[in-house]
Amino acid sequence: MTTAPASTMRSLDRAFDVLGVLDDGRQPLRLSEVARRADLHVATAQRILNVLVERGYAAKEEAGYVAGPAALATAHAFLVNNRLSQVALPVLQELAATTSLTASLYVRVALARVLIARVQGRNPLRYQLPIGEKLPLHLGAGKALAAWLPDAELDTLIERTTPFTWISGQQVTADDLAADLRRIKQDGYALSLSERVLNVTAVSAPIHRDDHVLGALSITGTSGELTEDDHARLIGEVRRAADAIAARCP
């Protein structure tokens, strides 16, 4: 088996860096901004963007560059073929019906998490999360994935994200986050209160298959719906549902 030249691998890495910048962009980005965020020379970023535009993975608008329609086709192919989301859907439906809360399934992508399935509860949340939304790994349900990161990646996550402040105003240091993630790994679940969205509570658990963490299952509701008296029961519900998904995965 032949090995790709180092120059080819560097070019691929740079192209994925640019794609990542476009994925994270919430508005069109100028060429100079794409280059800055991808840590590339402007000329290099321009060459990569030209190829991505030609292939449909980027689009050029008057205000700048955005992700292109080919990215959506790739996402659709993932959803159609991904076994985890297929086996998880009936479990999410049952969990949402049993708890009346919104049930979500996330997978890790580098140091972020991506929503791949979601079933609304009886009282839909006041905010919407589309399938494919990329969210932080150090907040909310993301911590049910972050707690099982390899040591080197965990150190990188903590270094890159701390210090930060929850939406509630509580400040989180590197030591705080490390201790929280150790507790989550020990207890097997994450409980978040007004971390990313004010007055929203989430209970999350990892989906383990042997030594691998396939994803994280989470239920979310307002703090009025998911009160402290409900925590123990709902933690059990989520953990059982996560185990049920893991058992159905090949």
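Trainee: In which loop is P163 found?

Mentor: This is a predicted model, and in it P163 is found in the loop between α7 (151-161) and β6 (164-165).

Trainee: What is the peptide bond from T162 to P163, cis or trans?

Mentor: Read omega for that bond. The bond from T162 to P163 has omega near -5° and is cis.

Trainee: Is S100 buried or exposed?

Mentor: Compare the relative accessible area with the cut-off: buried means under 20%. S100 has a relative accessible area of 17%, so S100 is buried.

Trainee: What is phi in N199, and where is N199 found?

Mentor: N199 also is not a glycine, and its phi is positive at about 60°. The loop that holds N199 runs between β8 (190-193) and β9 (200-209).

Trainee: Why is N199 called partly exposed?

Mentor: The partly exposed class lies between the two cut-offs, under 20% for buried and over 50% for exposed. N199 has a relative accessible area of 44%, and therefore counts as partly exposed.

Trainee: Now strand pairing. How many bridges join β1 to β2, and do they run parallel or antiparallel?

Mentor: Check the bridges and the direction of the strands. Strand β1 (residues 58-61) is joined to strand β2 (residues 64-67) by four bridges, and the two run antiparallel.

Trainee: How many residues lie between β1 and β2?

Mentor: Two residues lie between them, and the two strands form a hairpin.

Trainee: How much space lies in the largest pocket?

Mentor: Start with the volume, then turn to the lining. The largest pocket holds about 1,700 Å³ of space. Its lining has 48 residues, of which D23, D24, V109, V114 and K134 are the closest to the centre.

Trainee: Which elements give two or more residues to the lining of the largest pocket?

Mentor: They are the helices α1 (6-24), α3 (42-55), α4 (69-81) and α7, with the strands β3, β4 (112-119) and β5 (134-136). The most comes from α1, which gives nine residues to the lining of the largest pocket.

Trainee: How many residues of each class has that lining?

Mentor: Sort the lining residues by class. The lining of the largest pocket has 30 nonpolar residues, nine polar and nine charged.

Notes: Residues are numbered from 1 along each chain as its sequence is written. This is a predicted model: local features need pLDDT of at least 70, side-chain atom pairs count only at pLDDT 80 or more; totals for chains, interfaces and linings use all residues. Side-chain values use heavy atoms; hydrogens and water are left out. Buried means under 20% relative accessible area, exposed over 50%, partly exposed in between (1.4 Å probe, protein chains only). Two strands pair if DSSP finds at least two bridges between them. On a 1 Å grid over the protein atoms alone, a cavity is a set of points where a 1.4 Å probe fits but cannot get out, and a pocket is an open set with protein on both sides within 12 Å along at least five of seven lines; lining residues have an atom within 4 Å of a point. Grid points are joined across faces, edges and corners, and a volume is the space filled by probe spheres set on the points. Ala, Val, Leu, Ile, Met, Phe, Trp, Tyr, Cys and Pro count as nonpolar, Asp, Glu, Lys and Arg as charged, and the others, Gly among them, as polar.
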